[in-house]
2 protein chains.
Amino acid sequence: MKQSNLFAYTTKEVSSDATALSHQLLLKGAYVKQIASGIYSYLPLGLRVIRNIEAIVREELEAIGATEMLMPALQPKELWDESGRWAAYGDELMRLTDRNDREFALGPTHEEIITYIVRNVLNSYKKLPLTLFQIQTKYRDEMRPRFGLMRGREFIMKDAYSFSSTDEQLDKIYLDMKAAYINIFTRCGLLFRPVEALTGEIGGSESIEFMALSEIGEDTIVYSTESDFAANSEVADLAVGEPSPDGIGTIAHAKGIEVGQIFKLGTKYSESMKAQFLDQNGRNQPLIMGCYGIGISRVMMAAIEQNHDDKGVVWPKEIAPFSVHIVPVDIKNETQKDIAEQMYISLTESGITTLLDDRDERLGVKLSDADLIGSPIRIVVGRDAAEGIVELKLRNASEAMQNTIEDAKKFVFEY
Amino acid sequence: MKQSNLFAYTTKEVSSDATALSHQLLLKGAYVKQIASGIYSYLPLGLRVIRNIEAIVREELEAIGATEMLMPALQPKELWDESGRWAAYGDELMRLTDRNDREFALGPTHEEIITYIVRNVLNSYKKLPLTLFQIQTKYRDEMRPRFGLMRGREFIMKDAYSFSSTDEQLDKIYLDMKAAYINIFTRCGLLFRPVEALTGEIGGSESIEFMALSEIGEDTIVYSTESDFAANSEVADLAVGEPSPDGIGTIAHAKGIEVGQIFKLGTKYSESMKAQFLDQNGRNQPLIMGCYGIGISRVMMAAIEQNHDDKGVVWPKEIAPFSVHIVPVDIKNETQKDIAEQMYISLTESGITTLLDDRDERLGVKLSDADLIGSPIRIVVGRDAAEGIVELKLRNASEAMQNTIEDAKKFVFEY
């Protein structure tokens, strides 16, 4: 994309509640724009990150046989009455009344809707197991919206729901989902730990929270420095420096951002909402359910928290808005302009997301914008371009390299 | 995808308000499921169509230099007060109050939000023109929701907004957008006409509606049978059979579904909301705006209306949920199962969206489901598969062809 079309301004105006550095970078780099407390627009740069995270989520969930669908945000009160949550949910549930005085919730989660959709359809053990997911906008009227996308009132989530005829089927999906989540967060460049968790108001028997380690996190995680071992009841009371119970590494404590959670729901919703199937013996049984969430916008926030320096974001490779940023030193110099455009076209046609800075700005402005945008590879096209030489720099390296144009392209393809 | 994962049931239960055949097919084929009046879930099949339409829209808009972003559905009253529309909009605007008694609208359109976002940023003629778009969920509290996705209360739209410093810039974007819309609706397989329109409550000076011809349409279009000429003031009063004023073809009348509309907004919002830029003479001027909508879910509805027979949908090639449907006659026959799976893997790996019917069902059930799903190409793997022969049938053809497996694959690749 050409930068003149990007609507990527930089601003120093950062609202006083933006105390987290990731929140400041989101606003300074025009990734998002706040519309009201806890409500944001995703500007083009921010949306590209969101779409990249979504693509990873989609790929990993489809790989374990989950199928995508899309449910509405408006949910009729009647279904929440069936589960009992209309009365139980409290002030965080946003509610409204339509022109005919029918009451609706703006969904913070979709257990009621999905159970309504599958009941009477998933009516035989032959049709089970099945896992459905959606990537969709959720609503929660937080008392104290904060840290930008971390605790918002309108936010993007992936939520998945599984339906099984036996506990063994649920166990398998739960483990598949755990493995998929580990792949997802790893590909998103997060340092994280899966942690045993309480099931809370969603209900159910077993749950794992995926915590991205971060100082702005709201929970404390007790984990092993060397292994994946974290915070179940065995370790929760251990102090920093003690040996990990699995024998690998020592105990550390850290703050964590919850970026995902998986639940064995069991029959809580299928019983209250009468979603039954015929088992092999011809008997009616309630569907055995699981639910599995990822906060897409929160993953973005956690990725910035963990990947930045004082100049801006250092995006993990797979979720960077652009892989390559081409910056001509002087866009009015025909040679530089031509070479930059040729490289831009060649990389773009090869499927590499490339941003071309076609603006007539000072080099200093362009380089500091490039740092804020944080593309993994920056290519500066300057005076030496006439001799076929460009400067290539990795965002996370301190030194730049001088390369021939062909070597620079080769480097990008192999990166 | 394997059909056992698809959640593609077929049902004969169709609600009594589903009078349009397209609406009946949507429900019967499990493309969507109604949650409340005018509020639908997109089931996996329906979502695939929506995503295909979105991909076409994205591609054509990016080709004219528009850039994607994403705005929230929740819009604070204060911004609608600035434009004067909070008071003017009436009962179709869904409204709610948060836990702190702040009022919000659920956006039916985003002029206020986009104007708020660009003001003070697009502050110089040097930054213009710029076109931004989003594909997002909209809300409108319709008095009479009907025809399924055609007049819903929660629906998916593409809305774009352009900002210019001169009328000439606006004229160019408006014509580029018109051309992009023609490409989009053509690729979606629609028979449509662009028609001059009134600007209505959105405001502005000039507008074109894109009308898909259909008996369930709510407007009458007067158009030429042979050319693109339609219904401006010159032809609005002409009777059927009269010669078209452009000399090509004769006049016909038809009902139309509005699938898109483009507007020259002018300065209506930039004046009331004070979104100004410095012109070349250093003077403050209001931004000159345009807005451009496409009803994504309505395009799906119109495509079904125009492309079906008594057995189901006959999807246009580019928006079909799957391009190829492979149906083994007997999934328990190892030869048929192996050949079907090999073809499925081979086509899928080549990037062709392929559905494999891996269910243990009677052939009749599988074939009638295949007709309802409407993939352009169906491949039946039966007894002759042992001799390397499969049956290939186009959804819109009456006769099937016997092909070798290799020829069938070749046919698919070249289709």
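1. Let's start with one pair of residues you can find on screen. The side chains of E68(A) and R51(B) form a salt bridge, with an N to O distance of 3.3 Å. Keep in mind as you look that this is a predicted model. Across the interface of chain B and chain A, the rule finds 6 salt bridges. There are also 14 residue pairs in polar contact between the two chains, counting pairs with both residues at pLDDT 80 or more. As for the kinds of residue involved, the side of chain B that touches chain A has 35 nonpolar, 6 polar and 13 charged residues.

2. Next, step back to the whole contact. How many residues does the contact take from each chain? It takes 54 from chain B and 54 from chain A. The area buried between the two chains is about 4,700 Å², and carbon and sulfur atoms give 64% of it. In chain B, the residues that lose the most area to chain A are F7(B), L70(B) and R99(B), which together make up 16% of what that side buries.

3. Now for the symmetry. Two copies of a chain are related by a rotation about an axis and a shift along it. Here, a rotation of 180 degrees with 0.0 Å of shift along its axis superposes chain B on chain A, with an RMSD of 0.0 Å. That is the relation of a two-fold axis. The same surface serves both copies, as 100% of the contact residues of chain B recur in chain A. If you want to find the axis, look for L96(B): of the residues of chain B, its C-alpha comes closest to the rotation axis, at 2.7 Å.

4. In chain A, the peptide bond from L128(A) to P129(A) is cis, with omega near 0 degrees. P129(A) sits in the loop between α5 (111-118) and β7 (130-139) of chain A. In chain B, L128(B) and P129(B) are joined by a cis peptide bond, with omega about 0 degrees. P129(B) lies in the loop between α5 (111-118) and β7 (130-139) of chain B.

5. Finally, compare two residues of chain A that have a positive phi. A30(A) is not a glycine, yet its phi is about 60 degrees. A30(A) belongs to the loop between α1 (21-28) and β1 (32-36). N120(A), also not a glycine, has a positive phi of about 75 degrees, and N120(A) is in the loop between α5 and β7. Which is buried and which is exposed? A30(A) is buried, with a relative accessible area of 1%, whereas N120(A) is exposed, at 61%.

Methods
Residues are numbered from 1 along each chain as its sequence is written. Chains are lettered from A and ligands numbered from 1 in the order in which they are written. This is a predicted model: local features need pLDDT of at least 70, side-chain atom pairs count only at pLDDT 80 or more; totals for chains, interfaces and linings use all residues. Side-chain values use heavy atoms; hydrogens and water are left out. Copies are superposed by least squares on the C-alpha atoms of residues with pLDDT of at least 70 in both. Contact means heavy atoms within 4.5 Å. Buried area is the accessible area (1.4 Å probe) that two parts lose on being put together, summed over both. A salt bridge is a side-chain nitrogen of Lys or Arg within 4 Å of a carboxyl oxygen of Asp or Glu. A polar contact is a pair of N or O atoms within 3.5 Å; within protein, one must be able to donate a hydrogen and the other to accept it, and residues adjacent in sequence count only if both atoms are side-chain atoms. Ala, Val, Leu, Ile, Met, Phe, Trp, Tyr, Cys and Pro count as nonpolar, Asp, Glu, Lys and Arg as charged, and the others, Gly among them, as polar. Helices (H or I, at least four residues) and strands (E, at least two) are DSSP runs, numbered from the N terminus. Buried means under 20% relative accessible area, exposed over 50%, partly exposed in between (1.4 Å probe, protein chains only).
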